[in-house]
Amino acid sequence: MAALHADFALPLRSFELELALEVDRTVALVGPSGAGKTSVLRAIAGLVRPPRGRIALGDDVWLDTARRLFRKPDERRVGLVFQEYALFPHLTVRQNVAYAGRERADEYLERFRISHLADARPAALSGGERQRVAVARALARGPGVILLDEPLSALDAHTKGAVRAELQELLQELALPTILVTHDFEDAAALADLVGVIVDGHLRQFATPSELVDRPTDAFVASFTGANLLRGKARRLDDDMTVVQLETGELVYSTEWGEGDVGVVIYPWEVSIGRLQQHDSAMNLIQGEIRSVAALGNRVRVRIGPITAEVTASSADKLELARGGTAFASFKATGTRLVPLA
Amino acid sequence: MRKALLALLYFLAAVVALAFLALPIVAIFVHVPPGRLIDQLSNPVVTDALIVSFKTTLIAQAFILLFGTPTAYVLASRRFPGRSLCVTLVELPLVLPPAVAGIGLLAAFGRFGLLGSSLSAAGITIPFTQTAVTIAVAFVASPLYIRQAIAAFETIDPNLVAASRTLGAGPARTFFRVILPLSRGGLAAGEALAFARGLGEFGATIMFAGSLQKVTQTLPLAIYAEFEVNFDVTLAISALLILISAALLISLKLASQWQPSTPTSHSRFGLLSWS
């Protein structure tokens, strides 16, 4: 399998997109909207022409500005799945899939379990069905690279889980260089081997999902991975302990090194909840009002003061958590990460 | 009470307006019994004019489609300096008095005109020929088609064009399989408008092509020529043109409903600016 190499600069409206990627498996690009994620896909697909850089799939060079080489989109083996799928509304499902590869259309209809929809128009399909048609159409082209632009964002929460599982399986099976753009860290972590956090056209961090959670390079990456981010002033206590006075006044301890203005990063699943004050010196403790309680499957997200905690449904029941009450959120000093503020 | 009075006033205004618009059309049909109208249609003046009209209009439409469609596509899909000037230029003949259009065409193609002098040196004379009628029709009617076509092309989701390209289709295949089918309703509507305008063309034609029976005398010119000769003939031609216009109007309305279903995607991928 040929790897995708992309190293280019592209001026966008308010900043310059600049990145270098070597993709041989599934890479997710995450970041806030307007960060330039979609433009990365556009450049690789040949829909925009970066003024400098090089893009190649193995030995197949698609862009090399030094040699004034530019291959048009139809001359690049790219399977691009558009955000809202961009299915041709005047063509049937079969005609859509057959647009790129007539001989293999039926094979792909079969494979994506959409044969029964072959004669339907896109307008008559559900979100999940449209997604399958879009992926089938992109694959029927026989691409060497798969580009997915927010493949799950057009789906409702109910459909999303099932489609994500399908997509996961598919990407594994295809084993092609894949770039997936999403604003949802959970989707990225579920689908990709490597995740790049992109802000204002630049990669902030490029690592495996677990590395991003364990060692976020800055406050933005931390909050993006779903962590609680509290601001405070850090002061060294001794060789292995830092104390941070939070903006809200509380003191929290961390085993990480920090000095001055810092972001305190705590993951919701590392926070436990109690109704009574526990006296455990290894624990950071924050008391607060229960601001919200939301069930997500068998987990419950509870917001206590500035902190979001995630506990099992059964322990939430046991604690009789209800909005308006008071509770204590506790978390270990070893699970309290310190990052520079962006 | 005041409400009822207001409703009555609205109703009366509508009745007056509709009657005013319908009266001349009804008058043409009641002035002469249908039998005599049909008899008049076999009058050689009418048949000659009918042939001249349709021949010139059809040829002009062919040129309008052939040149207007790519022109509209370029103006709809590309952003370049001077684009709005080009669009204004395209629209200018719409607001130009027909007599001015006729003089302009004479100044361009006439014997001593801008192009006319080199054309007559090559032995080609355009004014007062059937070619002149076709040129006049194309000049006044093409802006209607081009404008409508620009609007139709602009409503196409650029993502669909981008999708076609990434699926391996070149610009030509993309145009014929995605862009053209998706804009056909708008193009047909523009074509119907241009056809109607071309068929009714009078001012530019009479100045640039004259009114010579069998050669340059179109249906509207025949009405004018027969006005003091045989009023029944003018009524017959008028009735004929009303029927044709009504048919065009109905097909125009059908064409505007003949739009493909709504696009399924938003515009995040722009049209290629260089392909």
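Chain A contains nine helices and 21 strands. The model is predicted. Along its principal axes, the C-alpha trace of chain A spans about 70 × 50 × 35 Å. Chain A has 342 residues, of which 45% count as buried. Taking the contacts in chain A between residues at least 6 apart in sequence, 65% join residues at least 24 apart.

One element of chain A to look at is helix α5, residues 157-174. After α5(A) comes A:A175, which has a positive phi, near 50 degrees.

Among the strands of chain A, five form an open sheet, in the order β16-β20-β17-β18-β19, with antiparallel pairing. The edges are taken by β16 (272-274) and β19 (307-312) of chain A; each has a single partner strand, so one side of each is left without a neighbour in the sheet. On average, neighbouring strands of this sheet are turned by 45 degrees against each other, direction ignored.

The next elements belong to chain B. Two packed helices are described by the angle between their axes and the distance between the axes. Helix α3 (residues 44-77) of chain B and helix α11 (residues 219-226) of chain B have axes that come within 8 Å and cross at roughly 150 degrees. Angles over 145 degrees count as roughly antiparallel, and α3(B) and α11(B) are therefore roughly antiparallel to each other. On the α3(B) side the contact consists of B:V45, B:V46, B:A49, B:L50 and B:S53, which meet B:L219, B:A222 and B:E226 in α11(B). By class, this contact of α3(B) with α11(B) has six nonpolar residues, one polar and one charged.

Another helix of chain B, α8 (residues 158-166), holds B:A162. Is B:A162 buried or exposed? A residue is buried if 20 or more other C-beta atoms lie within 10 Å of its own. B:A162 has 27 C-beta neighbours inside 10 Å and therefore counts as buried. B:T174 is twelve residues from B:A162 along the chain, and the C-alpha atoms of the two are separated by 9.0 Å.

Methods: Residues are numbered from 1 along each chain as its sequence is written. Chains are lettered from A and ligands numbered from 1 in the order in which they are written. This is a predicted model: local features need pLDDT of at least 70, side-chain atom pairs count only at pLDDT 80 or more; totals for chains, interfaces and linings use all residues. Helices (H or I, at least four residues) and strands (E, at least two) are DSSP runs, numbered from the N terminus. A residue is buried if 20 or more other C-beta atoms lie within 10 Å of its own, exposed if 12 or fewer, and partly exposed in between; C-beta atoms are placed from the backbone. The expected span of a helix is 1.5 Å times one less than its number of residues. Two strands pair if DSSP finds at least two bridges between them. Axes are lines fitted to C-alpha atoms, for helices over the stretch in contact, and angles run from 0 to 180 degrees between N-to-C directions. Angles under 35 degrees count as roughly parallel, over 145 as roughly antiparallel, 65 to 115 as roughly perpendicular and the rest as oblique. Two residues are in contact if their C-beta atoms, placed from the backbone, lie within 7 Å. Ala, Val, Leu, Ile, Met, Phe, Trp, Tyr, Cys and Pro count as nonpolar, Asp, Glu, Lys and Arg as charged, and the others, Gly among them, as polar.
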